[in-house]
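User: Hello! I am new to this structure and would like to learn how to read it. Could you walk me through it step by step?

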Amino acid sequence: MPDDALLVNEIFYSIQGEGTRVGLPCVFIRLTGCNLRCRWCDTGYAFTGGQWMPVEHVAKQAATYGCKLVEVTGGEPLLQPAVYGLLARLADRFDGVLLETSGAVSIERVDPRVVRIVDVKCPGSGEHERNYWPNMDLLTPKDEVKFVISDRTDYDWAVGVLRRFDLPSRCAVIFTPVFGGLPPAELADWILQDRLPVRLGMQLHKLIWPGRDRGV
Ligand code: SF4
């Protein structure tokens, strides 16, 4: 895999549907490939395909939208060595750079200006044994941790992780119900009953554009 080019699945401009910047216009750079296979994955089309692009070309194309917020996502973007150079270039040009990563790869080498959104995989994903736990010690207050929750077992497991790493005191924590699976009201009730200091994430882009997967 070259270290000055990236296999890019898509670059698009949309509304940020998740995390603490939900609702803001944002440019998305989706890289191809993932080493996990979460049961509820909604971006399976990013496992393959795409086109090789020089890192500088990717950064330039992202800048053409005139938006100052950009997210690098996947797939699992940290599997491509050239992503670190891309993140640094984006941080030079954009006011906000977000990285969405599966939590199975170390975030240690990511440019410190980048907001790292770490998806901790719950048991319902089938991939919870792949979580790279040293990442939890690298989180800073600007970072975010996301749990996609499919049922009560996932919820109880996620609460255990929160407590084990004292996550709410370290960064924003988002609990998102599996779309079309766990009813959001049920997850909201559990959060309120337990007085959990977490955000309920609703994947806004799926509510705005139901049934569309690419380009949103
Ligand atoms: S880590 Fe993300 S892209 Fe990879 S299988 Fe899981 S949900 Fe899909």
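Analyst: Gladly! Let us begin with a term: a residue is buried under 20% relative accessible area, exposed over 50%, and partly exposed in between, using a 1.4 Å probe and protein chains only. Arg-116 is buried, with a relative accessible area of 7%, and Asp-143 is buried at 0%. Please keep in mind that this is a predicted model, where local features need pLDDT of at least 70 and side-chain atom pairs count only at pLDDT 80 or more, while totals for chains, interfaces and linings use all residues. Residues are numbered from 1 along each chain as its sequence is written, and side-chain values use heavy atoms, with hydrogens and water left out.

User: Which residue forms a salt bridge with Asp-143?

Analyst: A salt bridge is a side-chain nitrogen of Lys or Arg within 4 Å of a carboxyl oxygen of Asp or Glu. Asp-143 pairs in this way with Arg-116, and their closest N and O atoms are 2.7 Å apart. Asp-143 lies in the loop between strand E6 (115–120) and E7, and Arg-116 in strand E6, so the pair ties together parts 27 residues apart in sequence. Strands (E, at least two residues) and helices (H or I, at least four) are DSSP runs, numbered from the N terminus.

User: How many salt bridges does the structure hold?

Analyst: The structure holds 15. One of them joins the side chains of Arg-30 and Glu-10 (2.7 Å, N to O). This pair links distant parts of the chain, with Arg-30 in strand E2 and Glu-10 in strand E1 (residues 5–15), 20 residues apart. Both Arg-30 and Glu-10 are buried.

User: Which residues are linked in a network of salt bridges?

Analyst: The network links Glu-18, Glu-100, Asp-119, Lys-121 and Lys-146. Within it, Asp-119 forms a salt bridge with Lys-146, the closest N and O atoms being 3.8 Å apart. Asp-119 lies in strand E6 and Lys-146 in strand E7, so the pair ties together parts 27 residues apart in sequence. Both Asp-119 and Lys-146 are buried.

User: Which residues surround the ligand?

Analyst: Here, a residue is near a molecule if one of its heavy atoms lies within 4 Å of it. The residues around the ligand include Cys-34, Trp-40, Phe-47, Ser-102 and Lys-121. Lys-121 also belongs to the salt-bridge network.
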